[in-house]
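Here is a chain to look at together.

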Amino acid sequence: MQQSIEYIRSELKGLYPSEEIEQFITIIFRHLCDYSRADLIIYKNKELSESITAEIRRFTLRLKAYEPIQYILGSAWFLEYTFNVRPGVLIPRPETEELIELICAENPQPQRRVLDIGTGSGCIAVSLALRLKESQVNAWDISPEALAIASENATNNHAEVTFTRQDILNFDAACYPGRFDIIVSNPPYICESEKTDMSENVLNYEPHLALFVEDTDPLLFYRRIAVAGLTLLQPGGKLYYEINARFGQETRTMLEEAGYRDVCIVKDIHGKDRMIKAVRP
């Protein structure tokens, strides 16, 4: 086994930080052998089967091409849950975990009616369905592929979520008057001009439809959801976004001008403007 570990290190050296390479090693052996970090030391002299050795080499070659480890394995951890991920959906991020924690902390009442707009892998909708007691969770996305993956994740995690194909930029909110207590969304918010600052594993593999928005209208999805929310939410209902830190103040101003009250920017653990919450009047 130690030989395979050294193979991974040597092949990925210079391509990734050493700390990230060690994380890859831990993840790969946990996936293939169900080994913990401690097991890697205890069983370092154990001989691996040819099939596992071949898989390690295959994984390493894909990592050399900067393919995200989550896509290689086909799954990602989010909070305490496992989610299937494929190139048709974004890989769940720790920042989005903070959004879930915020919503759950502020909405302890049972029987919340929740809408997740742009659900992707379903990580937000499924997590809220599992954590908000007796909640009724709906999730929308424009992508049939994303909805199929999200449905798998709801089934695998034993969560009840109603999935619907819906284009938030082109729909009639009047069909859903006052239906929801909470709307949450992590919509596309990275400007096209920011692509040069992004890593290859994101640019080459994750779906651009779920990532990018035109520089000329960076708040496109936020504004449309905010307008729809004035009809979709019941009075006093809450709107939660994950946001681009560059546009926190602009997003708050847009919501206030739309008529929302108690608009508040929330920073993530790194001190960046990452979430925003507002209340429908």
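Q: In the chain, what share of the contacts with a separation of 6 or more comes from residues 24 or more positions apart?
A: Keep in mind that we are reading a predicted model. A contact here means heavy atoms within 4.5 Å. Among contacts with a separation of 6 or more, the share from residues 24 or more positions apart is 64%.

Q: What radius of gyration does the chain have, beside that of a compact globule with 281 residues?
A: For 281 residues, a compact globule would come out near 19 Å. The chain agrees with that, and its radius of gyration is 21 Å.

Q: What percentage of the residues in the chain is buried?
A: To count as buried, a residue needs under 20% relative accessible area. Of the 281 residues in the chain, the buried ones make up 49%.

Q: Where do the buried residues of helix α1 lie around its axis?
A: Helix α1 spans residues 2–12, and its buried residues are S4, I5, Y7, I8 and L12. They cover an arc of only 155 degrees around the axis, so they lie on the same side of α1.

Q: Which helices do the buried residues of α1 pack against?
A: Start from the buried residues of α1, which include I5 and L12. Their packing partners are α2 (18–33) and α4 (50–64).

Note on methods. Residues numbered from 1 in each chain as written. Predicted model: local features only at pLDDT ≥ 70, side-chain atom pairs only at ≥ 80, totals over all residues. Heavy atoms only, no water. Rg over C-alpha atoms; globule rule 2.2 N^0.38 Å. Buried < 20%, exposed > 50% of the residue type's maximum accessible area, 1.4 Å probe, protein only. Helix = DSSP H or I, 4+ residues; strand = E, 2+ residues; numbered from the N terminus. Arc of directions from axis to C-beta.
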